[in-house]
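Colleague: Before we turn to the details, could you show me the model that we are to discuss?

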Amino acid sequence: MSEDIKLNIKVWRQKNNKSAGGFETYPVNANEHMSFLEMLDVLNEDLVNQKKEPVAFEHDCREGICGTCSLVINGQPHGPNAGTTTCQLHMRHFKNGETIVVEPYRAKAFPVLKDLVVDRSAFDRIIQAGGYISVNAGQAPDGNAIPIGKNKAGKSFESAACIGCGACVAACPNGSAMLFTSAKVTHLGLLPQGEVEAERRTEAMVAQMDKEGFGMCSNIGACEAECPKEIKLDNIAFMNRSYFKAVFGGELE
Amino acid sequence: MKWLTTFFGSSIGKKLLMSLTGLFLILFLLIHLIGNLQLLKNDGGMSFNIYAKLMTTNPLIKFISYGNYFFILLHAFIGISLALYNRTAKGQKYAVAANNNTTWASKNMALLGTLILAFIFIHMGDFWLKMKLDQLPMVTYPGIEGEIKDLYFSVNETFKQPLFVGLYVIGMIILAFHLQHGFQSAFQTLGINHKKYTPIIKTIGLAYAILVPLGFAIIPIWHFLMK
């Protein structure tokens with residue numbers, strides 16, 4: 001049973017949006033093959049058995065594609081591994097006897113609802129502002145029916161990998177949502193179906209992003225370093241170009 | 001005109017102002033340095049004093065210098081207001097500091113910038129104000145009509161004091177860190193992020209951030225040791 005590890009989980013407990021919150025430390029007997037979320041499941045079972053309130057955290061697919069899980073683990077959104085979501089982070093990356101600090105995402109636009117759960121609906125409203133194609137794009141077209149350069153298709157696909165988890169906002173010392181917004185703007189703006197509305201989309205999404213109270217980007221690059229889908233800063237450069245083009249080259253409505 | 005005010009009120013519009021004013025100031029630093037390097041000439045300050053007279057009397061240069069003061073203040077004002085806004089936008093800080101691949105300078109631009117602004121005020125008080133208030137001795141040079149202000153004398157006096165030499169060297173170290181992030185960041189904001197050009201921009205930016213402050217810092221050190 002050498003695969004068992006004993007951990008101390010120092011976790012943020014907060015009753016609701018109004019209360020203050022603080023850290024509590026709990027011992028957990030985990031197994032190194034567990035994912036981080038499974039380890040938290042073990043903790044919650046212990047808490048329920050002790051008739052205590054379990055720790056609230058978000059999770060859904062548990063296979064790294066839905067963007068529901070979050071958490072800031074030892075200061076890093078989705079933990080220490082590059083290109084890995086919290087649900088895909090395994091306990092073998094932690095040492096026996098280690099104290100792991102687990103915090104919710106911190107940003108004014110992501111208020112804490114309870115324990116580790118934050119309200120990320122600001123992202124939904126940014127998508128609603130323009131993160132779509134207005135016409136019905138129909139079935140998947142036949143191969144090469146719409147010619148798209150390989151590099152463009154590849155770049156768009158890389159941007160489309162964004163799962164909207166909000167790790168970029170959590171990692172950013174400014175609480176900026178530029179990496180998320182720019183990934184959507186780039187993903188759609190590079191393809192012929194999305195390019196038609198690119199200017200209107202960029203203006204609307206940036207306006208909504210600002211309205212939600214996210215911070216201003218200062219090109220630190222913490223978002224890029226922490227993104228579990230490895231979305232790059234060149235998306236932000238693309239969005240800036242698209243925005244300049246929309247503002248200075250576009251018609252007055 | 002509403003579209004323009006909307007633009008400059010947006011996050012990207014403010015970023016663009018930071019980038020463009022920053023790039024102007026980067027260019028200014030290089031020109032300032034080229035002028036200052038005349039302080040290293042062994043001619044008793046003649047070429048530097050003639051240069052200083054040109055810089056303070058030529059109408060075109062005067063016009064650009066007022067633009068320069070304006071851009072320094074605008075860059076500082078937007079930068080500080082953005083930093084304050086970002087502090088509230090972040091809200092609560094994490095209990096554990098992240099250990100990721102970001103530079104210290106990039107996360108402390110407002111602090112570095114404020115220190116540079118303070119340095120600029122001290123620096124202006126040292127030389128610019130003395131030049132303006134006619135507190136300098138006058139000199140004459142053969143072939144030059146009339147008397148000109150001996151700014152070189154003032155530079156020499158200032159850099160006899162170890163306190164000022166230290167202050168100027170520290171000021172340049174702060175500037176180097178500010179440039180380390182600022183140079184390449186200005187291009188990213190303009191939307192220039194390209195596999196071909198970004199490595200070149202980053203290399204030039206790093207060289208610039210080291211060499212330009214170093215060039216400035218050599219002057220007080222050289223004056224202190226040699227004069």
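Colleague: Which residues of helix α2 (residues 121-130) of chain A are buried?

Modeller: This is a predicted model, and local features are taken up only at pLDDT of at least 70. With buried meaning under 20% relative accessible area, the buried residues of α2(A) pack against α4, α5 (178-189) and α7 of chain A. The buried residues of the helix itself are A:S121, A:A122, A:F123, A:I126, A:A129 and A:G130.

Colleague: Which element of chain A gives the most residues to the side that touches chain B?

Modeller: The interface as a whole brings 47 residues of chain A into contact with 35 residues of chain B, and the area buried between the two chains is about 3400 Å², with carbon and sulfur atoms giving 59% of that area. On the side of chain A that touches chain B, β5 (99-103), α4 (167-171), α7 (198-211), α8 (222-226) and α9 (234-249) each supply at least two residues. The element that gives the most, with 10 residues, is α9(A).

Colleague: How many residue pairs are in polar contact across the interface of chain A and chain B?

Modeller: The count of salt bridges between chain A and chain B is zero, although the residues of the side of chain A that touches chain B include seven charged ones, beside 29 nonpolar and 11 polar. For polar contacts across this interface, with both residues at pLDDT 80 or more, the number of residue pairs found is 20.

Colleague: What is the length of the polar contact that joins the side chains of B:T189 and A:N219?

Modeller: B:T189 is found in helix α8 (residues 162-189) of chain B, and the residue counts as buried because its relative accessible area is 4%. Leaving aside residues up to four places away in sequence, B:T189 touches A:N219, A:N240 and A:F244 as well as B:K15, B:L16 and B:S19. The polar contact between the side chains of B:T189 and A:N219 has a length of 2.9 Å.

Colleague: Why is the pair of B:F7 and B:F8 edge-to-face, and what is the angle between the planes?

Modeller: B:F7 is buried at a relative accessible area of 1%, whereas B:F8 is partly exposed at 32%. Both belong to one aromatic cluster that also holds A:Y243, A:F244, A:F248 and B:W3. The ring centres of B:F7 and B:F8 lie 4.9 Å apart, and the pair is edge-to-face because planes over 60 degrees apart count as such, the angle here being 70°.

Definitions and conventions: Residues are numbered from 1 along each chain as its sequence is written. Chains are lettered from A and ligands numbered from 1 in the order in which they are written. Side-chain values use heavy atoms; hydrogens and water are left out. Contact means heavy atoms within 4.5 Å. Buried area is the accessible area (1.4 Å probe) that two parts lose on being put together, summed over both. A salt bridge is a side-chain nitrogen of Lys or Arg within 4 Å of a carboxyl oxygen of Asp or Glu. A polar contact is a pair of N or O atoms within 3.5 Å; within protein, one must be able to donate a hydrogen and the other to accept it, and residues adjacent in sequence count only if both atoms are side-chain atoms. Helices (H or I, at least four residues) and strands (E, at least two) are DSSP runs, numbered from the N terminus. Ala, Val, Leu, Ile, Met, Phe, Trp, Tyr, Cys and Pro count as nonpolar, Asp, Glu, Lys and Arg as charged, and the others, Gly among them, as polar. Buried means under 20% relative accessible area, exposed over 50%, partly exposed in between (1.4 Å probe, protein chains only). Rings of Phe, Tyr and Trp (its six-membered ring) pair if their centres lie within 6.5 Å; planes under 30 degrees apart count as stacked, over 60 as edge-to-face and the rest as tilted.
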